[in-house]
Amino acid sequence: MAADLLWIFISAMIINNFTLYYFLGLCPFFGVSDRISTALRMGMANVFVLLITAFCAWFLNTYVLSHAPYLRLISFIIVIASTVQFVEMAIKKMSPVLFKALGIFLPLITTNCAILGLALFATNKGYGLLEGLVYALGAGGGLTLALVIMAGIREESKLLEIPKVIEGTALNLIIAGILSMAFMGFAGLFSTS
Amino acid sequence: MKNFEEAARYHEEFIKGLWKENPVFVAVLGMCPALAVTNTAINGLAMGGATLFVLTFSSLLVSSFRRYIPKEVRITTFVIIIATFVTIVDFLLQAFLPAIHKELGAFVALIVVNCLILGRQEAFSFKNPIRLAMVDALGMALGFTFALFCLGAIREILGNGSLFGVSLFGPSFEPWIVMILPPGGFLSLGFLLLFFNWLKQRKEQKQSLVYLADTVAEVAEKNEGIIYLKRGV
Amino acid sequence: MIATLGIAGLFSGLALVAVFLFTRPIIEANQAEALRLAVFQVLPGSSSFQTLEFSNDKLALLSVEQENNAPKIKHPQIYAGYSKSGKLLGFAIPGEEAGFQDKIKAIFGYDPQRRMLIGFEVLDSKETPGLGDKIIKDKYFRTSLTSLEIDPKIVAVKPGQKTAANQVETITGATISSKTVIRLLDKTIRRWLPSINIYLAKQ
């Protein structure tokens, strides 16, 4: 069981990284990754929302959606939107400093395909509660990892002279492509001989 | 259509989605599905088609009922409408095109968080009459499909040596496998955007050269007399 | 305000139920057909099959009403294939194992009389195209899995070194993926053997 959970975690975090393999969470990836501190905070916020989503998805799947599978998507998206709203209010009350630092990023987590993606993938793989939570940790960790690495590269590249023709999204996509290739090297990490 | 002006307006709203405001190439929206399912041309087309279905019907409903939806709950209502149509298209694909549904997987359901669809409702369908909203939706969705087809075709041709499953180069072609893998998605779109930027830059340079030439000619014309004097003629 | 959301929710619910009820029989028919094809592929010569479910620590035939009721918890299932004359040809057993990129899902046919594997099909694989996906495309590998003895253990050997009927040669350039398949076969059959033997003894 522990080996299975470890595989789920490592697979979600680096072998099948949510951003660099499944193309989820690209809006924050290209929008928020210009400073490492912001990227880290966004990543952590995402991990938190992902954990709650994994729990809610498991709960809905087990007790509610077996009777009405056609309501899956609507219920997931409503739960996610409400969770983000709730998290925003909670952070505002508990730590106004953090709330100010995250700013506009919080509401944007709702449309982050990674959150809904996690709920759907976990459903398709038939994960239980513990597996779902570990999956969320791995996925969130992977998102944060990709965000921070990208932020690091972009911070460094601010000192370079970049030709105008490639500046902006084009360059970021190419950097992401090279990062994705690098992460491909993690495949086969778990294989026993 | 009542007159020429109206027809021109429809034409403009339709055309903008195809190129000038292309959702993938210009606004860079909806990248998640754009990169994930474009490993073959047919998958790209299928995803575009599903998005077309969702966008046109959602815009139809939002525009039809725009006077009855209170501003405060508009986003939630949009999301309910969009999620309904996404679920419908998911079931329809599963029933009638199961092979394609298997290829697209959970990304059909992820159409609901495609910022393109919610964005069009908020920016256009909520504020415009039905026919105009439909024309905008069609234009945007077709532009999206076109972009996905381009990406899918490039990745399939380079990464598999085929288009629509038909082998193009024969068995001696060594496919550039990385193109149909995730890095290929990032790189293809990146280089495509680079190409479009380059085209735009060239166009701007040409235009500024023409402007420069015109200005020089103007100045030269004005100063013709002075030049002749200076030469001592 | 709430009224709008309520009405929207109501219409949405109605539309979804309608489409769901309309497409459900078609979707179930598609899935049943896909399963049928897979079972017949791995149990050559079979023309009908029955589902056996493992619950309450034993393997039992799934009755038609049980199938239609579709319980919340899905118990593991295997499929018994029969020839035209009603003779039990073997069992089609699905399994999955973590491969190079992600989990590989496959189904294989097991002949209990000869204690051999007689068929193999990959159901789902995310292995690298051109490399790992040779487990689907390599004809020699696939054929070698169609007359494979399970005793004492299914083992992987290097290409060209096969000496016994329970050995499978790995694929050059797809070592990890092919080893995953071999591991999948051995683990899955070992897991199901006790229940299958008990079930057969009762027939």
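The model is predicted. In chain C, strand β3 pairs with β1 and with β4. On the side of chain A that touches chain B, helix α9(A) gives the most residues.

**Strands of chain C**

- Strand β1(C), residues 48–55, and strand β3(C), residues 77–82, run antiparallel and are joined by 6 bridges.
- Strand β3(C) also pairs with strand β4(C), residues 88–98, in the antiparallel sense, here over 4 bridges.
- Ala80(C) in β3(C) stands opposite Gln50(C), and the bridge partner of Ala80(C) in β4(C) is Phe91(C).
- A hairpin is formed by β3(C) and β4(C), with 5 residues between the two strands.
- Within the turn of this hairpin, Gly86(C) has a positive phi of about 90°.

**Contact between chains A and B**

- Chain A puts 29 residues into the contact, and chain B puts in 31 residues.
- On the side of chain A that touches chain B, the elements giving two or more residues are α2 (26–31), α4 (72–94), α7 (113–125) and α9 (169–184) of chain A.
- The most comes from α9(A), which gives 9 residues to that side.
- The residues on this side of chain A are 23 nonpolar and 6 polar, with no charged ones.

**Confidence in chain B**

- Chain B has a mean pLDDT of 87, and 95% of its residues reach 70 or more.
- Confidence in chain B is highest in helix α3(B), residues 41–64, at a mean of 93.
- Helix α2(B), residues 31–36, is where confidence in the chain is lowest, at a mean of 83.

Key. Residues numbered from 1 in each chain as written. Chains lettered and ligands numbered in written order. Predicted model: local features only at pLDDT ≥ 70, side-chain atom pairs only at ≥ 80, totals over all residues. Pairing = 2+ DSSP bridges. Contact = placed C-beta atoms within 7 Å. Nonpolar A, V, L, I, M, F, W, Y, C, P; charged D, E, K, R; others polar. pLDDT = per-residue confidence, 0-100.
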